[in-house]
Amino acid sequence: MEETLEFSAKKLRHDVVANLFKVRIDSIKPYALMLAPVYIYLKSNRKLIAVKGPLDFFTASELRHLIPFKYFYFSPFIAAVLPYREAGRQARFVLNMKEQEVVGKAESLYPEIILPPSPFERSDAILRIIGPLWWKYKEGVGVDPFLVTVFVNELCMLFPTDKLMLARDKDIENYDLALLRSSWVVFLCLLLGYCSLEFINNIRIQVFDDVINKKLVKSDAEEILDIISISYSTLRSSRLKIIKSDVFSESDEKIGLKLAARMKRVEREFLSSGSHPPSIYGKRGFIDV
Amino acid sequence: MFSFGKTQVRSLKRFGVAGVLGEDSEVFYNALFSTRHIGKISDLLSARFNGSGIDEIKFRKLLIFSIFQAYRAQFSRRIGFKLLSRWMDDSLETPLIIECGIDNEKVAIGLSFCISKNISINIDELSERISRKEVRDSFEEMLADLYEQSDCLIFKYHSESRKSEVISIIGIDGKIDPVSIKKKPPLEVVLVDRIESKQAPKPRVYIDLGDLDYPKLLKEEKTVKNLEGFSTGDFLAPEETGDNLVEKKLRLKSDLTSGSKKAVHPDSVKVLKGERDALGDEDSIVISGSDDESLAGSREWGKGKGIVATLAGAKGKIRNFFRKLWGRSEEEISSDLVPASDPDLSRSVDGSQMESPEEHAVLEHYLAEGDEVNVVSRVDDEKLLTSEAHARKLLFELRVGSFDNLVKQMERDVVPICKDVKNAKVVNWIRTMSVMLSSEKARLQEMARKLNLNIRIKEISSEKKITELEEEMKRKDIQLSAKQNAILRNKEQLLQVTRNMDKLKNLAQDVSGASHFKQKDAMNQRVLTIAKEENYKLIQRVDELRQQLTAVQSSAKSQSQIGTEYVALKARHERLYKQAEEFKKSNRQLMDHISTIKQGRSEVQGAGVDISEGNRRLEAAMKLATLNKKDADAMKVRVLVLQKQEVKLKMEIIQYKRLLEDSKTSDAGAQAEAKVKAKGEES
């Protein structure tokens, strides 16, 4: 049986309000995945209670009912999440780049067009964005799968509402795993230079569906099947703390060798390090260990 | 076993080029979703392989050709195996994977793609057909082309999924064994079975093209230095110093850029400056919009001074500009754009008065047609052409009209007059006047020309403004009508709401009162609370059951034990159920009994009998009952005694009967009879 992303603090004392991050409720879009447990402040009870867990979403009617509370509150953990969301936005900008005309250049006597970046330029730019998302943890170089989901959630478009609702109603435990796995597949595709927004949106939805329906993913491309296969083997449970990079170098498959080669560059040039690597576990996260 | 070159082929049973290259090879890869940028990829790989000795043109040709053909084969999955007609929405659903590997003797270009189901692949004798160039369809044609251009070609195919890979190999001159190239191997067709081959042959390294130092690799080795000043120096207009030139340049530049974001080349600014001198301040006009550069070009054209070099770069755009604005033919525009070779303009500079026959004809045509003449086909430029016709008429008037005739007449008449007049001063004066008149005519001609240009520009700008204003008016009209519609809708809605309110009021009167609803609401709230509590209890119960289930699962009991336990529990449950039913029945009976007692009590109470009287009667009855009971007991004792006597008597009778029978049978019968009689008398 799969385990869900149960968070520890269902209620918070009112005196911590000053330390919490808040977001206006009317700025939240329906069916957007939440990045952390969401609290509302009950003035009469002088208490903060959780109304949604991480990776859950609000429907339009739920948001309408909650609008009188004005704000949603988030724990300080959200500060660790925001760089991943920002990276997602940057990556989307890179993948969305189109031709543009340059104006205002003094020497310009002819229409000057900046062409969109080539696939290898995009691949390089994307690696520069996703490289710093890898951290040096105690266990080794890795990335938190939940934070990968945050990154991909910002990069890709929102899931179709019917799919989300069905998935959550069908099997709430499998829902989290489907989100994490689909995001991890997208992340690996980006790491391998698959720089098409349309493609990664499609593959994300396809993997999500297949995990929910417990089916095997089908694809025309040999390498994509390999990516999905390696992603499944590296992310078996939704309670996995970090995905370590050395799983790629241990693989004899071509895809593992390619990923290992890219990770070498990440470790050489972009790896983040610090005393408190971001994680959903521990005091700084939302799950007490 | 397939081989090419000295290096042994390691594996063909997996997709990828690493299998056909040596262990020290480098493989560069990238994922492509369209054919855009393949030139850049070709540049990058060529730069990376620079110095390795590969034939660059052959490599580039094969690379681009391979990518295109693979793309076509995969793209045809949507639109058929046709030439691409669309450019913008031509992205593939799944990418092509390009791998380009190099070892010490050869380069391999591999492209993985999925062949359309519309294309039938016939593997049988494919290699022979390709070698003999007896192709059956466009796909085999593609393979044949690739085979021809490469030194060796491998086609891998997975029949179930139709995944394919084409690997084209070219040898590096001087490193590859020449015999290998001379004896070109036939097309190698490999049926790939993924299950059989798990381990992929490894190259020395896999490199994503994005990981290459492409800014350095693609950097031009020889860069052109920035253009400095003219080696022949800057030409200054009369009464102009170097300082005020710079100042004016800056002022003009700021004026122009404030009107539009686009800037103008410094050369054109210089020209403008000259124009300003000639026409005063009026000519510093900037047409706001997107054609500022073209306007600069038009100014240059108008001035006809030192702009050939500038026009060489901007000619195309200026042509478009004029074609758009004036609707003139390209030949006319070309002639306009080369003012240095324009005889008319050169004349205007040197003061000559003659016009070309063509221009004369055009001008006559203008005059003949009057204001309505329109040599340009565009109808919407009618106003412009009218003003242009006015300006040209003026020009023609200056050249061939009465003024021109007057000047010519004067020039003709001056010669004999000068011969007749002896006074040198008068002659000089006449000649001077004649020259001045000619130069004045040239000046007027030039001014008319510029006037023509300025009228055009102003009319264009005013035309644009009018169009914009008209569009604005239209937009506002639409907005106004939309707002009116919205107001009407709102009014209708308001009416509807009022009607609904009335209806609700009527309904409210019919209903007994609000208290009824309040009661209902309170009742509903209570029901809701109860339902919530029940729900909560059920949730708790579900949790408990889940925990029990988890406990049961974790204890890992065998299924038979669970079955036995289940049966036992079931039996127990049935028993308990029956017991519960029985209890319920007895409970019901008790309840009935209680209810009957209560009923009896109530009846008694209802009859109104005095309790004390009743008690007394009850006591009397009890006493009577006790006495009767004592009597009954005494009678019972007497009955018992009598019964005992009866039994004794019966026993005696039986004894006597026996004695009598004995006496009858014996001699002493008589005695016995006497005894019996005696006893009978005694009794």
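This is a predicted model: local features need pLDDT of at least 70, side-chain atom pairs count only at pLDDT 80 or more; totals for chains, interfaces and linings use all residues.
Local features are reported at a pLDDT of at least 70 and side-chain atom pairs at pLDDT 80 or more, whereas totals for chains, interfaces and linings use all residues. Residues are numbered from 1 along each chain as its sequence is written, and chains are lettered from A and ligands numbered from 1 in the order in which they are written.

**View 1. Confidence of the model and of chain B.** The model scores ipTM 0.87 and pTM 0.54. The average pLDDT (the predictor's confidence in each residue, from 0 to 100) of chain B is 71, and 64% of its residues score at least 70. Residues 77-88 of chain B stay under 50, and the model gives them nine contacts beyond four places in sequence; two residues are in contact if their C-beta atoms, placed from the backbone, lie within 7 Å. The pLDDT is also below 50 over residues 249-381 of chain B, a stretch with 153 contacts beyond near neighbours in sequence.

**View 2. Composition of the two chains.** Chain A has ten helices and ten strands, and chain B has 20 helices and seven strands. Helices (H or I, at least four residues) and strands (E, at least two) are DSSP runs numbered from the N terminus. Of the 289 residues in chain A, 42% are buried; of the 683 residues in chain B, 22% are buried. A residue is buried if 20 or more other C-beta atoms lie within 10 Å of its own, exposed if 12 or fewer, and partly exposed in between, with C-beta atoms placed from the backbone. Among contacts with a separation of 6 or more, residues 24 or more positions apart account for 76% in chain A and 71% in chain B.

**View 3. Helix α4 of chain A and its surroundings.** Ten of the eleven residues of α4(A) (residues 145-155) are buried, so this helix is largely enclosed by the rest of the structure. The buried residues include Phe146(A), Leu147(A), Val150(A), Phe151(A) and Leu155(A). They pack against α2 (78-96), β9 (140-143), α6 (172-191), α7 and β10 (243-244) of chain A.

**View 4. The largest nonpolar core.** This core has 136 residues, and those with the most contacts inside it are Cys189(A) and Leu96(B). A nonpolar core is a set of buried Ala, Val, Leu, Ile, Met, Phe, Trp, Tyr and Cys residues joined through C-beta atoms within 7 Å. Its largest share, 13 residues, comes from α6(A). Beyond neighbours within four places in sequence, the contacts of Leu96(B) include Leu32(B), Ile67(B), Tyr71(B), Leu111(B) and Phe113(B).

**View 5. Crossing of α8 and α10 in chain A.** The axes of α8(A) and α10(A) (residues 254-270) come within 9 Å and cross at roughly 75°. Axes are lines fitted to C-alpha atoms, for helices over the stretch in contact, and angles run from 0 to 180 degrees between N-to-C directions. The two helices are therefore roughly perpendicular to each other, a term for angles of 65 to 115 degrees. Glu223(A), Asp226(A), Ile227(A) and Ile230(A) of α8(A) meet Lys254(A), Ile255(A) and Gly256(A) of α10(A) in this contact.

**View 6. Two loop lysines with positive phi.** Lys214(A), in the loop between α7 (197-212) and α8 (222-234) of chain A, has a phi near 55°. Lys214(A) is exposed, with 9 other C-beta atoms within 10 Å. In chain B, Lys133(B) lies in the loop between α3 (126-132) and α4 (138-149), and its phi is near 60°. Lys133(B) is exposed, with 11 other C-beta atoms within 10 Å.

Technical notes: Angles under 35 degrees count as roughly parallel, over 145 as roughly antiparallel, 65 to 115 as roughly perpendicular and the rest as oblique.
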